[in-house]
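Visitor: I have not seen this structure before. Please show me how to read it, one feature at a time.

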Amino acid sequence: MQEQTPLRPKRSLRLTLTSRLRAYFFAGVLITAPISLTIYLAWLLIDFIDKQVMPLIPVHYNPETYLPFSVPGIGLVLLLTVITLIGALTAGFLGRLLVRAGEAVVNRLPVVRSVYGAVKQIMEAVLAQQSNAFRQVVLVEYPRKDCWVIGFVSGATTGEVQARTEAEVINVFIPTTPNPTSGFLLFVPREDMVYLDMSIEQGIKMVVSGGIVAPPWPAGQQTEVKSRKRKELPQPVSDEAAAAQPERR
């Protein structure tokens, strides 16, 4: 008589199929969610700009007047064109003269000049090609010892703050999670910071994700840094060596 092979239980087959479907579903979510969210945010931005710009276009020059359907993105293209033309006009001598005349008028207004001056300084610091704003990611020991936070160097400290501190301090912006646009400013001594190799984009991703998304780092560099730290640690002194050393007066 031939021995009958035992049949696999149907329950294990169902569990395997369910686990596979669940894995496929989450893989699809991981692929479609970032793309869908990016497209949705881009669509909201384009729609908002179109609603603000399109009413300013005269009816005779509005493409939607002659087309049976609306074309999204016309307001965005028109806004970028106008900004580029303004930049080209202000690059010349006459444009700079007009800008200086306008700034002279604005500087005479009590409240407006403060807002305009602050916004202009921030934009120049962020958009200038020779600016060092937010180009280095550092670790700062905060709010207590052996507790570290990620910060972004925004420049060297100058003025009264640097004059009233003994050590050379650096402006470090500490962002909050998950909204990196808010945070606080610290003036940290240069020697108390740990400079990281990650880029600004990688640092922001790590802050926004709450540490879930960490930039890759080769295992060889981790071993090298750990061995370097062990070498830098002070070696314990034995009792015999301590007794042999002369006493300091």
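Visitor: What share of the 249 residues of the protein chain counts as buried?

Guide: This is a predicted model. In it, 15% of the 249 residues count as buried. The protein chain exposes about 21,000 Å², and carbon and sulfur atoms supply 63% of that area.

Visitor: How many helices and strands does the protein chain have?

Guide: There are nine helices and five strands. Along the sequence they follow the pattern α-α-α-α-α-β-β-α-β-β-β-α-α-α.

Visitor: Where in the protein chain is confidence lowest, and where is it highest?

Guide: Begin with the general idea. Where pLDDT is low, the predicted coordinates should not be read in detail. In this protein chain the mean pLDDT is 81, and 78% of the residues reach 70 or more. Confidence is lowest in helix α9, residues 239-244, with a mean of 50. Strand β1, residues 137-141, has the highest, at 94. Over residues 230-238 the pLDDT is below 50, and this stretch has three contacts in the model beyond near neighbours in sequence.

Visitor: Which strands pair with β1?

Guide: Strand β2, residues 148-156, runs antiparallel to β1, and five bridges join the two. In this pair, Leu139 stands opposite Ile150 of β2. The two strands form a hairpin with six residues between them. Asp146, in the turn, has a positive phi of about 65 degrees. β1 also pairs with strand β5, residues 193-195, in the antiparallel sense over three bridges. There, Val138 stands opposite Tyr195 of β5.

Visitor: Which residues make up the largest nonpolar core?

Guide: In soluble globular proteins, nonpolar side chains tend to be buried together. Here the largest nonpolar core has nine residues: Val138, Val140, Val153, Ile170, Val172, Ile174, Leu186, Val188 and Met193. Strands β1, β3 and β4 (183-189) each supply at least two residues of this core. The largest share, three residues, comes from β3. A second, separate core has five residues, among them Ile150, Phe152, Met198 and Val207.

Visitor: Is Asn171 buried or exposed?

Guide: A residue counts as buried when its relative accessible area is under 20%. Asn171 has a value of 15%, so Asn171 is buried. Its place is in strand β3, residues 169-175.

Visitor: What does Asn171 touch, leaving aside residues up to four places away in sequence?

Guide: Asn171 touches Phe152, Val153, Ser154, Gly155, Ala156 and Thr157, and also Leu185, Leu186 and Phe187. With Thr157 there is a polar contact of 2.6 Å between the side chains.

Visitor: Is Glu191 buried or exposed?

Guide: The cut-off for exposed is over 50% relative accessible area. Glu191 is exposed because its value is 58%. Glu191 is found in the loop between β4 and β5.

Visitor: What distance separates the C-alpha atoms of Glu191 and Glu168?

Guide: The two C-alpha atoms are separated by 8.6 Å, while Glu191 and Glu168 are 23 residues apart along the chain.

Visitor: What share of contacts joins residues at least 24 apart?

Guide: Among contacts in the protein chain between residues at least 6 apart in sequence, 35% join residues at least 24 apart.

Terms used
Residues numbered from 1 in each chain as written. Predicted model: local features only at pLDDT ≥ 70, side-chain atom pairs only at ≥ 80, totals over all residues. Heavy atoms only, no water. pLDDT = per-residue confidence, 0-100. Helix = DSSP H or I, 4+ residues; strand = E, 2+ residues; numbered from the N terminus. Contact = heavy atoms within 4.5 Å. Pairing = 2+ DSSP bridges. Buried < 20%, exposed > 50% of the residue type's maximum accessible area, 1.4 Å probe, protein only. Polar contact = N/O pair within 3.5 Å; in protein donor to acceptor, adjacent residues only side chain to side chain. Core = buried A, V, L, I, M, F, W, Y, C linked by side-chain atoms within 4.5 Å. Areas by Shrake-Rupley, 256 points an atom, 1.4 Å probe, with all protein chains shown as cover.
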